[in-house]
Structure formats: C-alpha cells, structure tokens
Amino acid sequence: MDLNTIERNDPDSVAQNAAVASAPAKKVFVKTYGCQMNVYDSQRMTDALAADGYTATDAIAEADLVLLNTCHIREKAAEKVYSELGRIRDMKAERAAVGRKMLIGVAGCVAQAEGAEIIRRSPAVDLVIGPQTYHRLPDVLARVRGGEKIVETEYAIEDKFEHLPKPKRAEMIKRGVTAFLTVQEGCDKFCTFCVVPYTRGSEVSRPVAQIVAEAERLADAGVREVTLLGQNVNAWHGKGEDGMEWGLGRLLFRLAEIPGLARLRYTTSHPRDMDDELIAAHRDLPALMPYLHLPVQSGSDRILKAMNRRHTAKDYLALLERIRAARGDIALSGDFIVGFPGETDADFEATMDLVGQVNYASAFSFKYSPRPGTPGADMPDHVPEAVKDERLQRLQALLLKQQQDFGLGLVGSTIDTLIEKPGRQAGQKVGRSPWLQPVIVDEKAGEIGDIIRVRITKTGYNSLFAELA
Ligand code: 5AD
Ligand code: SF4
C-alpha cells in the first residue's frame, strides 16, 4: 500500500484515545497501529461504540474493552500484536481477580489476515474483526458479552460507512482543526510486495454525497484542513451530483466550495492514476496544498517491473514534470523499498539516482519484508539482511539531507500556517505549513484554527520556527 505511514514519529502506536470526562459504565481503550486509514477507522469505531454506551479512555487498566487496531504492512507486525496481547491478557486476569471483566478485540489488517488463528494463539481474545465490518461492532459485542468468541472477517456486502454512526459534534470539535476523511478503500493494483489487496480487498469508492456531507459536518465542527484518505486515493471515482462519473480532481473542486474548509490534501496516490483533472486541481485550487505524496518504490525499471508497478522511472519523472508545471511550489514526498528480491547494486544505484533527480521534501523508506501470500515472497534471489541494511542507511541519509535542505530553503520566506494546537513548551503554539512541517510560533500569534502569515526564522530537526509576518 502506498499510504503514508506515521512511523516517523512513533514506530509502534499512534492516536491513543483521549479520556472523556463524563463516565458512564463502559470504557474502551483503542490502540492504533500503522497508517492514517487506521487512525480514521479507530475514530469511527469509537463513534460506533459511543452509540453503544462506551466512552474512550487512555488508561488501559480501567478499560472494559481493549481494541487493537492492527497493521500488517511490514515486518513482524503480527508478532508485535501477539506480544502485546500477552501483556493485555495479564491485565485481563488481574481485573478478573477483582470481579471485573475486560474484553479484548483485535481489529484491522492483522485481524483480517490471521482471523481465527488469533484466538487459537491468544485464547484471551474475545473478538476478531476485519476492517470492512466495523459497523457490526455493537452487535458483535452483544454476542461476545453473551459468552461467544467471534471472528468477523467476511467482506460485508453493505457499505460500512453508510452504517457507522456519525461522530457527535462535540467529539469532532475535540479532535481538532485537521481531520482525515476516508474516501476510498482497498486496491486492485497488486504490487507484488503488498498485502493490501488481500487485507483490505478490492477498490471501493464512497459516493460523492456521502463524502460531501461528512466534509460539511467536519467544517461545521471547526475543521479547517481535510486530508482525503485511500490506499489508492487517486483511483477514487464515483457518480457526482450531476449524474456524471467524477474523479478525484472533480471531487476536490467540489470540496473546495465548502465554507470554512481552507485546506485540502489527499493521500496516498499511485503514479498511474494522476489524471489531467487532478493535475488541473493542483493548478487551479489554492485550497489544495502544494504537497504530494507519490510513491515510486524504486528507480530501477527492472525492479519496478518485478514489483508490477506498471510504469518506468522515466514515466514517473515525466509525470512530475507535468505536475510541477501546473504548480511550481509543489513539494514531493515518496515511499521506497530497498532490497526487493533480485535487487542488484546497479538497481539500487538507479533508486539513488532517481532520488537525486527528484529532490524530495520528505520520504519514507523501508527494507523489503516478504509478506506471506504475496508474489514477492515466492520470488528468487532474496537480498541478504545486511545488504538491505546498508542500502537503507544510504538512501535514508540522502532523503534526510533533502528534507533538511527543503526546510532550510524556506528560512526567510513568508508562508501560511494553520495553527493546530498548543506547543509542548509554554508560550508556544504549533501550526502546520503547506508542506506538513510543524511550525512553532508564539502563542499570541493567533488562535487555534487561524491561518496566519508567518516568516520562517530557523529550522528544527523536523520543524520550522516562525514569527508573525
Ligand atoms: N516490504 C517493505 N515495504 C513495504 N511497503 C508495502 N509493502 C511492503 C513490504 N512488503 C511500503 C511501501 C508502501 C508503504 C506504505 O509501505 O513503500 O508504499
Ligand atoms: Fe499501493 Fe500497490 Fe499496495 Fe495497492 S498493491 S496498496 S498500489 S503498494
């Protein structure tokens, strides 16, 4: 999958739910692994559970229900879940000793991939639920409370989004001024390294009306910036309000009309689905942020072919030229895999070469990790771990240098910043640049939700410092 992961900040977990003040009987603790689509799903599961009387807690020991929303994209993901389950099992036993129940649920892509095997290996688990059936969570839980163990990993025929309860306005406000909105799920591309087509199923696009309604609700709750999500977000297509088939470009034009929504983004994209209308959106829509995550994975045509990416390095570079012609200040981000089976030194140098030509503002790079059931896992000539390590180090050093140069290049310039939250240090607030960098400003520079003009004064490791312009 091409989804921009959050691993840069924390390899293991993100987005643990904040506690909710009023405390009815049941509490749920959700731990999220992996990509933003899981972050979004965790919120929607929390919404579904709120309708069932659960409030979120960030204290696992007091939870009546612990839900792990898991990721299966790379190395040892399943093993991490099993060892976490071992720890949670002990807590469950401690709670049982004082007469209190703790239910344990596994959701997400490991749930989908492993199914009943999870309960076999971790008998303390009460339910296993795949990503397409979250709307059935309250029903499933009712049965679990009746003593059943449940594995729910069939792809549902009904649309989960249609059936998931909408978050309450107060809850949305608490979630802040930026939000994710899943518009598309699944993937039909079958890159040979990737498990997504098997865990998330084939491509499904949400209808325009549903997306617009959700975006309007977000805007109404004070959200200023929406990131449209999909494993293959630019393959999104659906019947528009005019009865015609729309693509993502058209959808972005429509969303830009919603009052209050000042910024739009989308992730993650496949190079083959960047059509003219989407490129035109980058040219014509000021609300569409000049930042594009467009994974290429490798710079070697031989490896791209083995990966079934169905484009060459040259195609990718030519595409970037068209995008840059449309929007001069666009910054690029990407994903890379080193050590795909059969990757030679020359193939790897081709990747280094491509990175040198593109100049990325940020990027994610990974060692190839064979995923059971994918064609790549069965290919000959797997690359030794030590070689992968060495290549990854070299690639990451280059990408880090490019990222830092990009930040340094902004020093002295004036940019728009969306103020997002209080800073870690007193007297500061943190904003977000058009290119997703955190921007540290004085707390008096503006209110959360404001978009202010600032001058960049210096860079931090991963952030920018700025003063009001
Ligand atoms: N091994 C290593 N990296 C992978 N990715 C996806 N599958 C694998 C794998 N088997 C990376 C790709 C993708 C990102 C989300 O994760 O670079 O774009
Ligand atoms: Fe992305 Fe390819 Fe995986 Fe589809 S199969 S999610 S395009 S990496």
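Analyst: S1 covers residues 26-32 and S3 covers residues 65-70, and the two run parallel, joined by five bridges. Two strands count as paired if DSSP finds at least two bridges between them. The strands here (E, at least two residues) and helices (H or I, at least four) are DSSP runs, numbered from the N terminus.

A quick word on the source: this is a predicted model, where local features need pLDDT of at least 70, side-chain atom pairs count only at pLDDT 80 or more, and totals for chains, interfaces and linings use all residues. Residues are numbered from 1 along each chain as its sequence is written, chains are lettered from A and ligands numbered from 1 in the order in which they are written, and side-chain values use heavy atoms, leaving out hydrogens and water.

Back to S1, which has another neighbour. Strand S2 (residues 54-56) also runs parallel to S1, with three bridges joining them. Here Lys27 pairs up with Thr55 in S2. To get from S1 to S2, the chain passes through helix H1 (residues 36-50), making a right-handed β-α-β crossover. Right-handed means that, with the strands pointing away from you, the path from the first strand over the helix to the second runs clockwise.

So how enclosed is S1? Six of its seven residues are buried, so the rest of the structure largely encloses this strand. Buried means under 20% relative accessible area, exposed over 50%, and partly exposed in between (1.4 Å probe, protein chains only).
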